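Hi! Here are my notes on the model you asked about, as numbered points. Have the structure open while you read.

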Amino acid sequence: MTDKSQNHGKQLVYLATAVSAMGGMLFGYDIGVISGAILFIKKDFSLSPILEEIVVSAVLLGSLAGAAIGGTLTDRFGRRKLLIVTAIIFAVGAIGAALAPGTTWLIAARIIAGVAIGIASFVAPLYISEIAPVDIRGKLVSINQVALTSGIVISYLIDYAFAGAEAWRWMFAMALVPAAIFGIGLIFIPDSPRWLAAHGQLDKARSVLGKIRKPEDVESELSRIQKNAAQQKGHWSELLSPVLRMAMIVGIGLAIAQQVTGINTVIYYAPTIFKFAGFSSSSVAILASVGVGAINVIFTLVAMGLMDRVGRRPLLLVSLAGMALSLAVLGLAFALPQMSGILGWVAVGSLMAYVGSFAVGLGPVFWLILSEIYPLAIRGRAMSIGTMVNWGGNLIVAVSFLTLTHVIGKAGTFWMFGAVSVGAWCFAYFLVPETKGKTLEEIETHWRAGKRPRAL
Ligand code: BGC
């Protein structure tokens, strides 16, 4: 292969990553957009507090459903085809919400958008992981999380832009732009060579690998994929087999850790938390959300740069330690009487440190490891279980946060998340494998040999 065509191979991998990361962007946009839109919907549709909560959390219910069905669908029909259907569902959800004549319609449209988010949340990282060369897989899969965090910030900015005109319908409609780029882009990128090989389409798999790898590497990679695929039948029951038990524990444990350490209380309620801390003006509250979102993007970019150099485990451990520490300080700031002046700023600082710590590790590492540790024949379904647990945790934390702050207090709530972070650190230290530099097939062989996660 000439230098030119090798370059072309890399460019195609980057293009495919960028297109599928639009799924991450839509994930972020669709969860972020509601924070601004709800203010006006509440007025237009005269929502009761209960209905308001349902409108806000409908997307999470849909995501849970999307995560549940996406696994079987992607193992059966492939990654790229399912993502194309997902792009259409995103568009239907956006148009539906933008045109909603009433509350029921709006809730239905948000559930539909949620289904697309639930599917894209894990199929996009899965696809990227399967086309990525081993030495940059961490970076490429993390691009999806960069797109996700950017999607959140973009949604805040769009909300802000349309807020003057109270044009909440346009806030939803704007999701059509990334949905179109996603859907059209997917037509031009290749299928996952791994999924093709696992489904006996060897010639197609070889042809895709020929476009994205050096010629001398194509046959060896293909035969490694085939060898591993032949060892699995691809039944659901294999998820319960002793061989996969550890991989399931790692995926589910990290899914719980990612949500029950509280990140989405900040993503969904940043302005409320800032008000708790004594900043009462709305412009400060908006700035707070954008600030939190920007820190999330910046530190995810840092993680992206480090993922294949320092590895997943160090980033994860530093991240969880940083989260535990900043939550301890945040709790303290709320525990001391008269949250004002300097203590208010301590709260802001620790909140930012908390978000930065999440972004540099736990945020991207969860989705990355989930896309790496399962055997090819059952990868989609195994990932869908971790993803369902993740969305379930997201929903529980989102609906219980405000009640928790009333029942055990604000300090108590943040300390509780801090304690979970300490538990998650121990879990990660003892059980999460280092997948840097290993091919997906090497990881699969490792489990099959019955070895411990840390021995990888
Ligand atoms: C999590 C989401 C969260 C987002 C924030 C993702 O990795 O899965 O629940 O809202 O990060 O950046």
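1. Leaving aside its neighbours within four places in sequence, which residues is Ser63 in contact with? They are Gly114, Val115, Ile117, Gly118 and Trp391, where contact means heavy atoms within 4.5 Å. Ser63 is found in helix H2. Ser63 counts as buried because its relative accessibility is 0%. For that label, buried means under 20% relative accessible area, exposed means over 50%, and partly exposed is in between (1.4 Å probe, protein chains only).

2. Before going on, a word on what you're looking at. This is a predicted model, so local features need pLDDT of at least 70 and side-chain atom pairs count only at pLDDT 80 or more, while totals for chains, interfaces and linings use all residues. Residues are numbered from 1 along each chain as its sequence is written, and side-chain values use heavy atoms, with hydrogens and water left out.

3. Now the whole chain. The protein chain has 19 helices and zero strands; helices (H or I, at least four residues) and strands (E, at least two) are DSSP runs, numbered from the N terminus. The radius of gyration is 22 Å, close to the 23 Å that the globule rule gives for 456 residues, so the chain is as compact as a globular protein of that length. That radius is taken over C-alpha atoms, and the rule is 2.2 Å times the number of residues to the power 0.38. Along its principal axes, the C-alpha trace spans about 65 × 45 × 45 Å.

4. Of the 456 residues, 58% count as buried. Take the contacts between residues at least 6 apart in sequence: 82% of them join residues at least 24 apart. The chain exposes about 17600 Å², and carbon and sulfur atoms supply 70% of that. Accessible areas come from the Shrake-Rupley method with a 1.4 Å probe; for residues, only the protein chains shown count as cover.

5. On to the charged pairs: the structure holds 17 salt bridges, each a side-chain nitrogen of Lys or Arg within 4 Å of a carboxyl oxygen of Asp or Glu. One of them joins the side chains of Arg110 and Asp30 (3.3 Å, N to O). Arg110 lies in helix H4 (residues 103-131) and Asp30 in helix H1 (residues 3-44), so this pair ties together parts that are 80 residues apart in sequence. Arg110 and Asp30 are both buried.

6. Arg80 and Asp191 also meet in a salt bridge (3.3 Å, N to O). Arg80 is in helix H3 (residues 79-99) and Asp191 is in the loop between helix H7 (176-188) and helix H8 (193-198), so the pair ties together parts that are 111 residues apart in sequence. Both Arg80 and Asp191 are buried. You'll also find a network of salt bridges linking Asp75, Arg79, Glu130, Arg379 and Arg381.

7. Last, have a look at Ile385, which sits in helix H17 (residues 379-407). Is Ile385 buried or partly exposed? Ile385 counts as partly exposed because its relative accessible area is 24%. Leaving aside its neighbours within four places in sequence, Ile385 is in contact with Trp236, Leu239, Met248 and Ile252. Its C-alpha atom is separated by 20 Å from that of Ser142, and Ile385 and Ser142 are 243 residues apart along the chain.
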